[in-house]
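I opened the notebook to look up how the side chains pair up in this protein. I start with the whole chain and then go residue by residue.

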Amino acid sequence: MTNRQSNIIFYGIIFSVISAMLINFYQPEFFTNFTKSKEEFLVKEAMKNGEYNKALANYKTLLERNLKANSDSGDSNTIETAIMYEDIANIYFLLGNTQKETDYYLKALDTKNQLKRVSVHSIANTYHKLGSLAQEKKKYQQAQAYFESSLQARLQDTQEVSEEDQSMFVGMQQTRLRHLRLNHAGTIATFKSLGAIHSHNKEYAIAKDYYERALASSKITFGEEDAKTLQIMDLIKQLAP
């Protein structure tokens with residue numbers, strides 16, 4: 001090896017060390033994100049291979065790092081944390097552990113409810129998932145409460161604006177917002193779930209009302225001849241008189 005080659009290698013190493021020190025000083029999150037990416041890769045690989053326990057262990061490592069970083073920054077609740085809780089809940093679903101699945105959806109819900117800004121659909125979806133889990137466990141009263149909370153989250157702030165209070169712009173925005181949320185696939189699913197709960201409780205008039213609301217929205221969203229719309233029609237026909 002010539003002196004020139006030795007010098008190139010030596011100064012290359014020095015440059016790498018100095019660069020790493022500068023990055024760590026000015027952008028300390030770089031190495032955290034690098035490690036995180038590695039952990040995320042391991043999670044994805046484990047999930048792809050059906051190694052759910054391995055994926056769970058790696059994801060919990062990611063979660064612990066996320067919680068520590070948030071704690072250090074003074075922001076203990078973030079939407080990223082809530083999403084991580086729900087991802088872990090989904091892994092527990094794949095493992096068949098419904099209790100742990102429920103626990104992590106509750107953690108996600110608690111985190112979302114403490115955020116100042118969060119998508120109404122995100123909150124509603126978590127409530128709906130908890131309702132479905134409670135329904136599977138035949139905890140119908142609890143399931144009903146979760147589904148009602150899901151519906152409230154989806155339709156809040158979409159009430160009709162009174163004539164004296166509304167401007168043309170506000171009225172149009174509110175009408176459009178209500179239309180979008182009322183005819184959202186998640187809203188239709190929640191109407192159906194509440195219909196099923198009330199049907200189980202033999203409250204057929206209430207069940208029919210929810211099914212009819214689901215039907216009206218389904219016709220707009222999916223079309224009158226769509227299989228999902230026809231299924232709701234069948235549910236109405238099956239209701240006891």
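**Entry 1: the whole chain**

I began with burial. Of the 241 residues, 32% count as buried. I note here that the model is predicted.

Next I looked up the secondary structure. I found 11 helices and 0 strands. Read from the N terminus, the order is α-α-α-α-α-α-α-α-α-α-α.

Then I took the surface. The accessible surface comes to about 15300 Å², and carbon and sulfur atoms hold 54% of that.

I also checked how far contacts reach along the chain. Among contacts with a separation of 6 or more, 53% are between residues 24 or more positions apart.

**Entry 2: aromatic pairs**

How many aromatic pairs does the structure hold? I count 4 aromatic pairs. I wrote up two of them in detail.

The first entry is Tyr85 with Tyr104. Their ring centres are 6.0 Å apart and their planes meet at 50°. An edge-to-face label needs an angle over 60 degrees and a stacked label one under 30, so I logged this pair as tilted. Tyr85 sits in helix H4 (residues 79–95), and Tyr104 sits in helix H5 (residues 98–113). The pair therefore ties together parts 19 residues apart in sequence. Are these two tyrosines, Tyr85 and Tyr104, buried or exposed? Tyr85 is buried, and Tyr104 is buried as well.

The next entry is Phe191 with Tyr210. Here the centres lie 6.4 Å apart and the planes are at 35°, so this pair is tilted. Phe191 belongs to helix H9 (residues 185–200) and Tyr210 to helix H10 (residues 204–221). The pair links distant parts of the chain, 19 residues apart. I then looked up accessibility. Phe191 has 0% relative accessibility and counts as buried. Tyr210 has 13% and counts as buried.

**Entry 3: Tyr92**

Which residues do ring pairs link into a cluster with Tyr92? The cluster is made of Tyr85, Tyr92 and Tyr104. I gave Tyr92 its own entry.

Tyr92 is in helix H4. Its relative accessibility is 7%, so Tyr92 counts as buried. I listed its contacts and left out residues up to four places away in sequence. They are Leu56, Lys60, Asn97, Lys100, Glu101 and Tyr104.

Glu101 turned up in the Tyr92 contact list, and I followed it. Glu101 is in helix H5. Its relative accessible area is 2%; under 20% counts as buried, so Glu101 is buried. Beyond its neighbours within four places in sequence, Glu101 is in contact with Ala89, Tyr92, Phe93, Lys129 and Leu133.

Lys129 forms a salt bridge with Glu101, with the closest N and O atoms 3.9 Å apart. Lys129 lies in helix H6 (residues 120–136) and Glu101 in helix H5, so the bridge ties together parts 28 residues apart in sequence. Lys129 is partly exposed, with a relative accessible area of 30%. The charged end of Lys129 also sits over the ring of Phe93, 5.4 Å from the ring centre.

**Entry 4: other salt bridges**

I counted 5 salt bridges in the structure. Side chains of opposite charge can pair when their charged atoms come close. I looked up two more of them.

Lys208 bridges to Glu212, with the closest N and O atoms 4.0 Å apart. Both lie in helix H10, 4 residues apart, about one turn of the helix. Lys208 is partly exposed at 40% relative accessibility. Glu212 is partly exposed at 39%.

Asp226 and Lys228 meet in a salt bridge of 3.3 Å, N to O. Asp226 is partly exposed, with a relative accessible area of 23%. Lys228 is partly exposed at 40%. What else does Lys228 lie over? I found it over the face of Phe222, 4.6 Å from the ring centre.

Conventions:
Residues are numbered from 1 along each chain as its sequence is written. This is a predicted model: local features need pLDDT of at least 70, side-chain atom pairs count only at pLDDT 80 or more; totals for chains, interfaces and linings use all residues. Side-chain values use heavy atoms; hydrogens and water are left out. Rings of Phe, Tyr and Trp (its six-membered ring) pair if their centres lie within 6.5 Å; planes under 30 degrees apart count as stacked, over 60 as edge-to-face and the rest as tilted. Helices (H or I, at least four residues) and strands (E, at least two) are DSSP runs, numbered from the N terminus. Buried means under 20% relative accessible area, exposed over 50%, partly exposed in between (1.4 Å probe, protein chains only). A charge sits over a ring if NZ of Lys or CZ of Arg is within 6 Å of the ring centre and within 35 degrees of the ring normal. Contact means heavy atoms within 4.5 Å. Accessible areas come from the Shrake-Rupley method with a 1.4 Å probe; for residues, only the protein chains shown count as cover. A salt bridge is a side-chain nitrogen of Lys or Arg within 4 Å of a carboxyl oxygen of Asp or Glu.
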